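Student: I would like to learn how to read salt bridges in a model, and I hope you can take me through some cases.

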Amino acid sequence: MSLLRRIEKGGSGGSGGSGSGNTGGNGPDTPGGENDESKLAAMRQRRAAIADQQRPGRKENSYIDLKTRVQNKLLSELDHQSMDITRKNEVRSHIEELFNAILADESMVLSRGERHSLFESIVAEILGFGPLEILLADETITEIMVNGPKNVFIEQKGMITRANVTFENDEHVLRILDRIVAPLGRRIDESSPMVDARLPDGSRVNAVIRPIALVGPTITIRKFSKKPLTVDDLIRYGSMTKEIAEFLRACIISRLNIVVAGGTGSGKTTLLNVLSGFIPNNERIVTVENAAELQLRQEHVITLESRPSNIEGKGAISIQDLVVNCLRMRPDRIVVGECRSGEALDMLQAMNTGHDGSLTTCHANTPRDTLSRLEVMCLMSGMDLPIRAIREQIASAVDMICQQNRLRDGSRKIEKITEVQGMEGEIITMSDIFEFEQTGIEGGKIIGRIRPTGLRPKFIDRIEAAGIHLPPSVFGIGRNY
């Protein structure tokens, strides 16, 4: 019987009076009864105090206090020692030694799981990106969205859910954000509250802070898999078919100019990576991006990255400046990560002046919208050009539009592959070579197929001139769908 139960039993007067141990202990007015009552009251107070400490908010606060205390001691210890922070394995081992010594000095008793969790979170704060580390390490997560310190969301398998991590406060988020942008020579503060950046693995980062973001520092991270997706992966996921992969490979080798279009998060950059993998290894490739994300595997690749203005408002290098400059770098191929503004006109002129086989992406919902977007972006260059002249440039430069879309179930598929044929009067004419046909919905998943329309593109002669002979079945000829 527990001590508390024995005290309650003795205080209730239910044990009779036999035995020397119970003499004078049955009445509340006896000295023994008063002693038992005081013991019971003390134990109840102790239990109430323990329960109070175990409440979720109290426990979380005590954990944060413990973490902060140990972390501050570690930082003060490391400050007194000359440690090369880039040698992470060595620093991690040193931190572990100091961590164990601090816990021993303060007589802190933690379970093995609590000890490991505390150590990893402190190492992440000192060497990594704090609470984001556990999310960045999970390969199933494709997007991380920090909406202020207490609201963190993730995307997994096309679905958005709340993550089980938080930051301490706005300052904590800003500290991690500064750790992301500082190595890139970029800054984010009240005078410049927006920034585009990237992580060491190439993942895209966008951040907005107060006074623009009213909910607090907001970070959006588009993760790229450590192992880049290949064409076989896209076929396995149903994003394309073997016939489409064979056709796209032939288009890249025969140096067609291709625009990959789609909405936000539709997989444009992933598809551009896959397409660039078809470029022969002996060609000189120049890539132009806002934040270097493309993962080309060829040997002869030059990567250019735009730069924002400095604190004095000077020194900005735009995508348009880089596109103009790369024309002087003797490229065989130009790959622009995304056309958003006036650089579209320079990109079209590059495609029209001997730089065949160039690739780019743009935001658009349909192939026809892509042409309209290109027109608007050309007008944003500041050139006072008539619409017909711009359309003639587009019709002459762009050979094909590859439309990538994200469907309602979160899956990403090539929805259309469209040939740009030329001009008829004032209109640019196009024809669909492949298109996605939805046949139903099963268990919340969209069921369909990407099928050829039966039309052979007019640029088939260029493909055959490159020594590639596609069978008629690729275009649906002789096959039943």
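**Reading the salt bridges**

Tutor: Side chains of opposite charge can pair when their charged atoms come close. Glu283 forms such a salt bridge (a side-chain nitrogen of Lys or Arg within 4 Å of a carboxyl oxygen of Asp or Glu) with Arg333, and their closest N and O atoms are 2.6 Å apart. Glu283 lies in the loop between helix H10 (268-276) and strand S8 (285-289), while Arg333 is in strand S10 (residues 333-336), so the pair ties together parts that are 50 residues apart in sequence. Helices (H or I, at least four residues) and strands (E, at least two) are DSSP runs, numbered from the N terminus.

Student: What kind of model is this, and how are residues numbered?

Tutor: This is a predicted model, in which local features need pLDDT of at least 70 and side-chain atom pairs count only at pLDDT 80 or more, whereas totals for chains, interfaces and linings use all residues. Residues are numbered from 1 along each chain as its sequence is written, and side-chain values use heavy atoms, with hydrogens and water left out.

Student: Are Glu283 and Arg333 buried or exposed?

Tutor: Both Glu283 and Arg333 are buried, where buried means under 20% relative accessible area, exposed over 50%, and partly exposed in between (1.4 Å probe, protein chains only).

Student: Which residue forms a salt bridge with Glu305?

Tutor: Glu305 pairs with Arg198, the closest N and O atoms being 2.4 Å apart. This pair links distant parts of the chain, with Glu305 in strand S9 (residues 301-305) and Arg198 in strand S4 (residues 194-198), 107 residues apart. Glu305 is partly exposed at 29% relative accessibility, and Arg198 is partly exposed at 23%.
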